[in-house]
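Please look over the sequence and the model before reading on. The notes below are meant to be read beside them.

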Amino acid sequence: MSYPSPFSRNVYIASLPEDYTEKDLLDLFSPYGRVISCTLKYDKDTGLCRGYGFVLFENEQDALNAVIALQGHSIRNTRVQVRLARPEASAKKMYPAMMQQQLMSACMPYQPVYVMYVPSPMYSQQQSAVQG
């Protein structure tokens, strides 16, 4: 299965509460279509939500439907901002997802396919610095 460009499927949402979770984000967006991934940005010091995140949909129409439907939506009496993410923001997050999608598409005839994530040393150092 091939996916359209992530640049038109990635939705940006802002003005979220500090205690908002990725599950809350998934619950908010999943009625509008199949969500590939959802990510909140967290403060490194406090671990709380920085107030914004991204949701990647399987197709463009679902992303557009979500943006339109959530215009004017409020969470805990605060109006959230919802729009398609800018391409430069999408590229940072989406290139790994695109590569995985292309790999999965190429391997489809050879089922089953197993995906294993191996953290890089750079990621491990960052995590230990945050935890330590």
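What follows is a briefing on the sheet, the helices, the core and the aromatic pairs.

This is a predicted model, in which local features need pLDDT of at least 70 and side-chain atom pairs count only at pLDDT 80 or more, whereas totals for chains, interfaces and linings use all residues. Residues are numbered from 1 along each chain as its sequence is written, and side-chain values use heavy atoms, with hydrogens and water left out. Helices (H or I, at least four residues) and strands (E, at least two) are DSSP runs, numbered from the N terminus.

**Sheet**

- Four strands make up an open sheet in the order E2-E3-E1-E6, with antiparallel pairing, where two strands pair if DSSP finds at least two bridges between them.
- E2 and strand E6 (81-84) stand at the edges and each has a single partner strand, so one side of each is left without a neighbour in the sheet.
- On average, neighbouring strands of this sheet are turned by 20° against each other, direction ignored.
- E1 and E6, which run antiparallel, are joined by four bridges, and Ile13 stands opposite Val82 in E6.

**Helices on the sheet**

- H1 lies across E1, E2, E3 and E6 and runs at about 140° to E2; axes are lines fitted to C-alpha atoms, for helices over the stretch in contact, and angles run from 0 to 180 degrees between N-to-C directions.
- H2 packs on the sheet as well, touching E1, E3 and E6, and its direction makes about 155° with that of E6, contact meaning heavy atoms within 4.5 Å.
- Within H1, Leu25, Leu28 and Phe29 are buried, that is, under 20% relative accessible area, with exposed meaning over 50% and partly exposed in between (1.4 Å probe, protein chains only).
- These three residues cover an arc of only 85° around the axis, which puts them on the same side of H1; the arc is that of the directions from the helix axis to the C-beta atoms.
- The buried residues of H1 pack against E1, E2, E3, H2, E4 and E6.

- Leu70, in the loop between H2 and strand E4 (74-75), is buried with a relative accessible area of 2%.
- Not counting residues up to four places away in sequence, Leu70 touches Leu28, Phe29, Tyr32 and Val82; Leu70 and Val82 are 12 residues apart in sequence and 6.6 Å apart in space, C-alpha to C-alpha.

**Aromatic pairs**

- The structure holds four aromatic pairs, where rings of Phe, Tyr and Trp (its six-membered ring) pair if their centres lie within 6.5 Å, and planes under 30 degrees apart count as stacked, over 60 as edge-to-face and the rest as tilted.
- The rings of Tyr12 and Phe54 have centres 5.6 Å apart and planes at 55°, so this pair is tilted; Tyr12 lies in strand E1 and Phe54 in strand E3, 42 residues apart.
- The rings of Phe29 and Phe57 have centres 6.1 Å apart and planes at 65°, so this pair is edge-to-face, and both residues are buried.
- Tyr12, Tyr52 and Phe54 form one aromatic cluster.
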